[in-house]
Amino acid sequence: MAYLNFIKKVAFELKSENLKGANYILMKALSSLRDSLHNFRDDSLIQDVETCCNLIFQAQPTMALLANSMALLLDKMKHFQKEYAEPQIIKSHLIHYIDEFIESYRTNLTKIAKNASTIIPDRASILTYSFSSTVFQTIKLQKKLEKDLEFFITESRPNNEGILGAQELSNLYPTTLFVDAGMGYILKEYSPDLILIGADSFTPEELIHKIGTLALAIAAHEFDIPLYSLTHSLKFYNGAQFGIPIPIEDKPVSEITDLSKENLQIKNYYFDRTPMKYIKGIITEDGILTASTDISRISQKFPLSILEKLYRSING
């Protein structure tokens with residue numbers, strides 16, 4: 001079936017994407033699924049939607065944003081299946097749901113930017129790390145609010161998205177680009193007012209973000225500089241409550257070096273784990289979360305039985 005092959009192709013592209021970020025991946029996944037739904041066969045609609053959602057999830061199984069979004073879609077389909085007998089009606093409602101989901105997600109990104117604005121003073125100097133589209137949307141809002149800001153950013157190896165970020169930031173504000181190893185130097189010599197980063201995933205206990213975040217957070221704690229993570233609540237990782245910790249994938253070492261030598265091991269991890277004690281607050285569409293109890297409540301938004309099935313399929 002052509003539509004299944006199309007989703008397989010999309011899933012492969014999502015698996016290979018390591019530069020554009022989670023928001024891009026989610027939008028591509030949802031829009032591809034929505035556009036192909038018109039062609040799904042009526043007699044295998046439910047099974048095919050489940051297959052496609054699983055293919056998309058398996059493309060980036062560590063990305064909580066994808067897992068939660070696919071689980072919510074599957075849960076909504078179950079409700080439609082109970083309410084409507086005709087596959088064409090179920091299909092129509094699914095397409096409408098995806099459109100509403102995309103619109104709601106974009107609206108919530110705006111809410112995150114507005115919530116973050118409350119902790120960004122005028123005439124502030126700010127360090128950001130990696131290049132989060134949610135952080136960048138927040139920065140663009142500060143420009144509209146006519147705040148006078150200054151930014152520091154590092155290259156963010158191995159894919160150097162920080163260099164791309166520096167170019168975008170410099171279109172809005174004075175920006176200084178450093179090598180990643182210069183993070184401590186920035187904190188000590190320039191004393192930024194705060195640090196704004198995104199998130200790949202988070203739990204009540206830890207933040208999963210670009211490797212180097214842990215070192216940055218420890219240094220920020222030492223210099224008493226508040227670090228905030230700006231992220232949608234859909235990035236809450238639910239697998240931990242099923243005994244499935246967030247895996248940190250080892251990416252191709254060719255992104256670092258082509259060196260090969262006996263007794264030399266090369267590791268290319270994209271992410272690390274930062275304990276929440278080093279994070280001043282998690283800023284979501286629901287506000288600024290500072291206590292683990294506040295963060296834990298996020299799990300109530302999601303269909304946990306469907307999520308458990310998805311996560312247990314990773315090695316299945």
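## Helix packing, sheets and a pocket in a predicted model

In this predicted model, helix α3 (residues 45–59) and helix α4 (residues 64–83) pack with their axes 9 Å apart and at an angle of about 170 degrees. Because angles over 145 degrees count as roughly antiparallel, α3 is described as roughly antiparallel to α4. On the α3 side the contact is made by I46, V49, E50, C53, I56 and F57, and on the α4 side by L66, A67, M70, L73, L74, M77 and Q81. Sorted by class, the residues of this contact of α3 with α4 are 11 nonpolar, one polar and one charged.

The second largest pocket has a volume of about 250 Å³, and its lining draws at least two residues from each of α3, α4 and α11 (304–312). The residues that line this pocket are E50, T51, N54, L74, M77, K78, I306, K309 and L310; by class they divide into four nonpolar, two polar and three charged. Among these lining residues are E50, L74 and M77, and E50 of α3 as well as L74 and M77 of α4 also take part in the contact between the two helices.

Turning to the strands, seven of them form an open sheet with mixed pairing, in the order β3-β2-β1-β4-β7-β9-β10. β3 (175–178) and β10 (287–289) stand at the edges with a single partner strand each, so one side of each is left without a neighbour in the sheet. From one strand to the next, the twist averages 25 degrees. Within this sheet, strand β1 (residues 125–128) and strand β4 (residues 194–197) run parallel and are joined by three bridges, and I126 stands opposite L194 in β4.

Strand β6 (residues 206–210) pairs with β8 in the antiparallel sense over five bridges, and K210 has F271 as its bridge partner in β8.

Two points of backbone geometry remain to be noted. Most residues other than glycine have a negative phi, and most peptide bonds are trans. R123, although not a glycine, has a positive phi of about 60 degrees, and this residue lies in the loop between α5 and β1. The peptide bond from R157 to P158 is cis, with omega near 10 degrees, and P158 is found in the loop between β2 and α7 (161–170).

Conventions
Residues numbered from 1 in each chain as written. Predicted model: local features only at pLDDT ≥ 70, side-chain atom pairs only at ≥ 80, totals over all residues. Heavy atoms only, no water. Axes fitted to C-alpha atoms, helices over the stretch in contact; angles between N-to-C directions. Helix = DSSP H or I, 4+ residues; strand = E, 2+ residues; numbered from the N terminus. Parallel < 35°, antiparallel > 145°, perpendicular 65-115°, else oblique. Contact = heavy atoms within 4.5 Å. Nonpolar A, V, L, I, M, F, W, Y, C, P; charged D, E, K, R; others polar. 1 Å grid on protein atoms, 1.4 Å probe; cavity = no way out; pocket = protein on both sides within 12 Å on 5 of 7 lines; lining within 4 Å. Points joined across faces, edges and corners; volume = space filled by probe spheres on them. Pairing = 2+ DSSP bridges.
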